Amino acid sequence: MNLRLSEKAKELIPKARIVNCIAWESSHSPAEMQLLQAADDGGRYLTDEDLQQMHSSEAASVNTAKFLRDNATDIVSEAREQVLAQYPNIAEPGGDLYPPARAEACWRDFWHFLRCITYGIAGNCTDFTSDEGLHYMNLLYQELGVPLPAMVLGLEGIKAASLKRCESGDRAKLAPYFDHLIEKLSQFSH
């Protein structure tokens with residue numbers, strides 16, 4: 001089953017890119033910036049090869065980004081289960097994430113949120129978002145009627161699932177990357 005998108009939604013989707021690599025210009029080489037931009041353009045996580053070329057970043061940050069990437073499926077599944085537990089009928093007929101294609105789009109957004117957070121971690125930049133991209137994502141979510149409380153809960157679930165898999169000593173250092181995106185999404189209009 002396909003999700004039918006309005007023309008407005010189709011126009012907003014390419015503009016709703018939430019990563020802003022410009023913040024990293026002062027701390028990363030042009031080659032590293034290109035790696036980050038190419039990964040974001042492709043909607044993919046940084047590869048092992050990409051991460052090996054992140055010479056300006058701390059090794060621990062690069063390793064954490066890789067670890068989260070490698071565990072993305074489990075992290076997103078855990079966040080999805082948290083949303084479904086809190087909103088048991090959300091993906092059922094009449095729910096905000098029905099039909100199934102709508103729910104799959106939501107879970108895919110969780111995957112992309114974690115991807116963007118790993119960019120911030122790999123780049124040692126907690127302020128990794130684009131205000132313009134977030135503005136367009138807000139408009140897109142309004143257009144699509146995305147259930148914001150469920151999305152914020154999902155992001156909180158991504159944070160919890162990610163941090164519990166990390167060393168306890170790293171959790172306080174990593175939390176701000178997740179909190180930044182949670183805060184930005186919490187500011188969206190309903």
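Tutor: Gladly! The largest pocket has a volume of about 650 Å³, where a volume is the space filled by probe spheres set on grid points joined across faces, edges and corners. Of its 28 lining residues, I13, D109, H112, M137 and L140 are the closest to the centre. Keep in mind that this is a predicted model: local features need pLDDT of at least 70, side-chain atom pairs count only at pLDDT 80 or more, and totals for chains, interfaces and linings use all residues. Residues are numbered from 1 along each chain as its sequence is written, and side-chain values use heavy atoms, with hydrogens and water left out.

Student: What makes something a pocket, and not a cavity?

Tutor: On a 1 Å grid over the protein atoms alone, a cavity is a set of points where a 1.4 Å probe fits but cannot get out, whereas a pocket is an open set with protein on both sides within 12 Å along at least five of seven lines; lining residues have an atom within 4 Å of a point. Helix α6 gives the largest share of the lining, nine residues.

Student: Why is T118 called buried?

Tutor: T118 has 2% relative accessibility, so it counts as buried (under 20% relative accessible area; exposed is over 50%, partly exposed in between, with a 1.4 Å probe and protein chains only). T118 sits in helix α6. Beyond its neighbours within four places in sequence, T118 is in contact (heavy atoms within 4.5 Å) with Y45, A65, L68 and R69.

Student: And why is N124 called partly exposed?

Tutor: Its relative accessible area is 28%, so N124 belongs to the class in between. N124 lies in the loop between α6 and α7 (131-144), and its phi is near 55°, a positive value in a residue other than glycine.

Student: How do you know that the chain is as compact as a globular protein of its length?

Tutor: The chain comes to nine helices and zero strands (DSSP runs numbered from the N terminus: helices are H or I, at least four residues, and strands E, at least two). Its radius of gyration is 16 Å, close to the 16 Å that the globule rule gives for 190 residues, so the description holds. The radius is taken over C-alpha atoms, and the rule is 2.2 Å times the number of residues to the power 0.38.
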